[in-house]
Amino acid sequence: MEITSRGLWTLLHGMGFGALFLLGCSAAMLELWRVCWSNDNDTRSDTALKWLLSIMAVLAWFAVLTGTYMVYPWYRAVAPVGTHDLVLYPQLLLRSSPQTVLWHTLGMEWKEHVAWLCPIAITMAAATFNHYGSDLKRHRSLRSVVLGFVFVAFVSAAIAGVWGAMLNKYAPTNGGRTHTLTLAEEK
Amino acid sequence: MNATSTSNAAKTGSAKTNGAGAAATLAAGLGSFTLGILTVAGDKFPAFRSAMNFYRPTGPLSGVSILAITVWIITWLLLHALWSHRDVAMKRIAIAAFLLLAASLLFTFPPFIDAI
């Protein structure tokens, strides 16, 4: 079993930072709802939510930065003239066939931009909740905005995540150093 | 703290004014909207797309994202400096922020960009 360094970074970008962020979203929305819309004054969950939102903001930043500056350059790499095997050039591979071109023109072009809304929205939510804590429940419009921004962060990350998974299925980012994880025993 | 902020703080029962939250909210909306506008501009104007090529391996996305983040951070710092110690009309700011965010979602959707 082996994986290339590009494959490993893509895995870390999507299944590491991205998937962990999406997992945290449902917990954050539920907890935000409970803290801001109930009469419960549990300061421990207040602190836990501050940590959760802060960690989610860090995950969102790691996801977009590794995506934009590590994985995306491999995706959009330009093949030398005369190259016939496009397996190392995912964008060109997708654009080479009418059956796959939409994965790029719709999928990647949507994903690459909408994903950037996620760190902005979640950082705003984390900073605001860290400032107000459970006192946010007293600011009715503000608490709705924070919950709304966490939801938009979730939606944008989900769009990017789903397209990312599908793109990696049809045109994976291959190449780089190969890491052997384990060798199968001969039967 | 001025008279308006005191009366609003008393109304909400909160010890903190809503200005800091409003600044973060509106700045995030404006940053997102900038991202959307730059995405559309990059698609429609080849010269602008070339100008956004801040980091060649990433292409125009580098310029679009860097500029949007810069606008967001600067706006946040400015609004925070202006509003952090007072109460503002949060409902109107919340509506504006949601509209800006909704527009940015639309402006990053390729079929919408193609239809413009």
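Me: Of the contacts in chain B with a separation of 6 or more, what percentage is accounted for by residues 24 or more positions apart?

Reply: This is a predicted model, in which local features need pLDDT of at least 70 and side-chain atom pairs count only at pLDDT 80 or more, while totals for chains, interfaces and linings use all residues. Residues are numbered from 1 along each chain as its sequence is written, with chains lettered from A and ligands numbered from 1 in the order in which they are written. Two residues are in contact if their C-beta atoms, placed from the backbone, lie within 7 Å. For chain B, among contacts with a separation of 6 or more, the share from residues 24 or more positions apart is 80%.

Me: Which pattern does chain B follow when read along the sequence?

Reply: Helices (H or I, at least four residues) and strands (E, at least two) are DSSP runs, numbered from the N terminus. Chain B has six helices and zero strands. Its pattern along the sequence is α-α-α-α-α-α.

Me: Is B:Leu82 buried, exposed or partly exposed?

Reply: B:Leu82 lies in helix H4 (residues 60-83) of chain B. A residue is buried if 20 or more other C-beta atoms lie within 10 Å of its own, exposed if 12 or fewer, and partly exposed in between, with C-beta atoms placed from the backbone. Because B:Leu82 has 13 other C-beta atoms within 10 Å, this residue is partly exposed.

Me: Which helix gives the most to the side of chain A that touches chain B?

Reply: The contact takes 31 residues from chain A and 33 residues from chain B. On the chain A side, the elements that give two or more residues are helix H2 (43-75), helix H4 (101-114), helix H5 (117-132) and helix H6 (140-170). With eight residues, the element that gives the most to this side is H5(A).

Me: How are H5(A) and H6(A) oriented to each other?

Reply: Axes are lines fitted to C-alpha atoms, for helices over the stretch in contact, and angles run from 0 to 180 degrees between N-to-C directions. H5(A) and H6(A) pack at an angle of about 150°, with their axes 8 Å apart. Angles under 35 degrees count as roughly parallel, over 145 as roughly antiparallel, 65 to 115 as roughly perpendicular and the rest as oblique. H5(A) and H6(A) are therefore roughly antiparallel.

Me: How far apart are the C-alpha atoms of A:Leu86 and A:Ser96?

Reply: A:Leu86 is found in the loop between H2 and helix H3 (90-95) of chain A, and is partly exposed, with 16 other C-beta atoms within 10 Å. Leaving aside neighbours within four places in sequence, A:Leu86 is in contact with A:Ala79, A:Leu92, A:Leu93 and A:Ser96. A:Leu86 and A:Ser96 are ten residues apart along the chain, and their C-alpha atoms are separated by 8.9 Å.
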